[in-house]
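User: I have a model open and would like to go through some of its local geometry. Can we start with a helix?

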Amino acid sequence: MPSTDPPADSIASLLKLASATNYCRPALRSLADALPTDDSILTTALDLSARARDAKTFSHLYLAALYAGRRLPGEVLALGTPLLPDASLILYTALRLHGGVAEALATAIRSGRMASEREASSLVVAWLDYERRHASAPVDFLALTRKQCRNVVRIDRYYIRLMLEHAAILSGDPVAARILNVEARVVPACNRFLDHLRKCASGSGWDESIPGGQSAGVVLGSGATVTRAVPKAGRNDPCPCGSGRKFKQCCEGKLTTGEQYAVDGVTLREATAHPELLLSPQRIEEMRSYELYALDSDRIPAHLAGAVVARLALFYEFVRAIELMQAFGREAFSNNTLDMVAYDFFMARDVDALRWIVEWAPGAVALSFEMEVLIAPSEERFQLLCRKAADAFASEREGQRSAELLFCDVAHAAILADHALGLLIARGVLPVCNWVNQTTLIEDMEDTRDILGLDDKEPGYDIVDATDKESAHRTRHAQDVEKVRAESAEQVKQREIEIQRLKAKIDAMQETLRKSEEASRKIAVLRDPSAAAVPAGETTETRELRDHLRRLKENLKVEHDERNRAMQELRSAREQLRRTTREQSEANREQPVAPPAPSNVEPDADDPIGIEWERQPLRVTESSSAFRAAMQQYPRQAASAALLAAGRLAGGDPSIWKTVRALKARPGTLRARVAGDYRLLFETTPDHTLRLVDFILRRDLERWLASAR
């Protein structure tokens, strides 16, 4: 860029022109012809619109520059990628820029302002950029790719998984390939797609997703019928704009069909200029990060301030979220909302933001031990870890069940304080955890190993597998015997049904044969009365009926034999089950009685035995106050997944009942896995009612069980 600053008037004019342009090919080509020849003006305008989170202006300038064949620097994608209209534009246009495209896209991914689809698409383009530059990706970018691959395995979204499979193939990383299991997949279609993206970097085809059509308004032909978005207000009704006057005295005649918004009396220009006036909880959940960023704090309704701030924090728009919190004041936000915002600060590892909310709302945020370690000064972090570890050992000596949770807290917090030291501590803690905390701790260990550049051969996994091997073997054996018994019972049932059908058919044939013989005798008597005492001769029809009856009896005998054979198999399966049970009981009696295990090392927190997932009745759902509160607390996607899982459970869906587990620590309570990191807790009653007890994060299950006792 030149050393002198570009003229401010030229930049302002360009921004104004781009904002007034329509999003279609003709209008964008016209804007491309009007772009200034000075690259510094164009680059500065792009940077200003990206920093202002003005998605419309940035997208129009970006696409107009591509139409004009201008070579934009890749750095504009660091802030601009979340502002582009859809993920396809990232795939087809990003490689047309020069410079550090991959580095800029990595910054955009880490910003947290994009949905998973855009993050996966950006990864594919970044790896293609490293490929065309013949450059090696840094270790932190490889760790970012592996983390995204693990996340998509947990949420199981097809498009995101497909994009990440392309990224794994481009990276050549065996760990990413093993996570997504792409080694056994056929990849010709993937290669064709990547070739298409490479061609778009220098050829045509990148503008396929840009809407076509005229830049002017739509002109209706003669006789066309136009349907209003909503019913028209009456002339004497109150005006929908909220002025308090009658519609005929206020907004009647001011709106044309092309200007009508979804609310009667509100134009598209008004809705665009003041979107705060039309806010609702559903609308807030649908808005993107830059739309939330542009909301005017003076116009946001006070009762929706918490939802807006929580959504901004979810997109890592922390600066704007803090500004709105300061504008509305502490009393406008519930403790639940502040906890959610603080958790997003923690997940982003934003120390300054987390410290700010703790000081701004003292006592309102429930800090976990990991949060305390994160916001503590560097010289105090190891002191906190030592004190917590001492408390864990003391609890273990006293036989308290909370010792396991304290050890896990030490491991998670140690990873935050120092990656290498935390990994060593986590290895020592892993064998004493139950499966709930093991899963969460392993995820942190995998991310830490990626950051340190280590391979995926973690010795701690062997310890976990060894502890579960025997219980898994017994579970599989019991399931195999139960499967044989169920199959044998089903075969017996089907044979009995077939036998009953054949018996009914034989009875019907015998009745038909009797009626046929009686009719033949009557005809013979009419023809020759002297032959009344002589049996009538067997006709062809009678002979066919007798043959048919004989075949049916033979089939019935075969079915009887099959049923007897199935009954014999069922008796054998039952005898095998009794013999196995007796052998296990004798083996347990012969073995010496082991001393009771320390209370800090518990068996698995769930019990897969005893749930007949194949034949579950229909149930009516009933939710507790804790469950309803959780629906408001957690993100909309997680709450929606919980309600969907509850419906499938109530409907007796075998595919989800197969994954249900019973909690040993709380008899009668079952749990189901939802959206990867969440658990749905419920109970069933004899009157076929499914009571939804609670909906919690997986890592909070042990705390929930401890409080339930």
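Analyst: Helix 3 (residues 39–51) has 13 residues, which at 1.5 Å a residue should span 18 Å, and its end C-alpha atoms are 18 Å apart, which agrees. The expected span is 1.5 Å times one less than the number of residues. Helices here are DSSP runs of H or I with at least four residues, strands are runs of E with at least two, and both are numbered from the N terminus.

User: Where do these values come from?

Analyst: This is a predicted model, in which local features need pLDDT of at least 70 and side-chain atom pairs count only at pLDDT 80 or more, while totals for chains, interfaces and linings use all residues. Residues are numbered from 1 along each chain as its sequence is written, and side-chain values use heavy atoms, with hydrogens and water left out.

User: Which residues of helix 3 are buried?

Analyst: Ser40, Ile41, Leu42, Thr43, Thr44, Ala45, Leu46, Ser49 and Ala50. Buried means under 20% relative accessible area, exposed means over 50%, and partly exposed lies in between (1.4 Å probe, protein chains only).

User: What covers the buried residues of helix 3?

Analyst: The cover includes helix 1 (8–19), helix 4 (55–67) and helix 5 (77–80), where contact means heavy atoms within 4.5 Å. Just after helix 3, Arg53 takes a positive phi of about 60 degrees.

User: What is the phi of Tyr316?

Analyst: Near 65 degrees, a positive value in a residue other than glycine. Tyr316 sits in the loop between helix 16 (305–314) and helix 17 (318–328), and is partly exposed at a relative accessible area of 25%. Arg349 is not a glycine either, and has a positive phi of about 60 degrees. The loop holding Arg349 runs between helix 18 (335–347) and helix 19 (351–360).

User: Switching to strands. How many bridges join strand 5 to strand 6?

Analyst: There are 8, and strand 6 (residues 689–697) runs antiparallel to strand 5. Strand 4 (residues 670–674) also pairs with strand 5 in the antiparallel sense, over 5 bridges. Pairing requires at least two DSSP bridges between the strands.

User: What does Arg679 face in strand 6?

Analyst: Its bridge partner there is Ile696. Arg673 also stands opposite Arg679 of strand 5.

User: Is strand 5 mostly covered or mostly exposed?

Analyst: Mostly covered: strand 5 (residues 678–685) has 6 of its 8 residues buried.

User: Last one: how many disulfides?

Analyst: A search of the whole structure finds 0, taking a disulfide as a pair of cysteine sulfur atoms within 2.5 Å. Cys24 is buried, with a relative accessible area of 4%.
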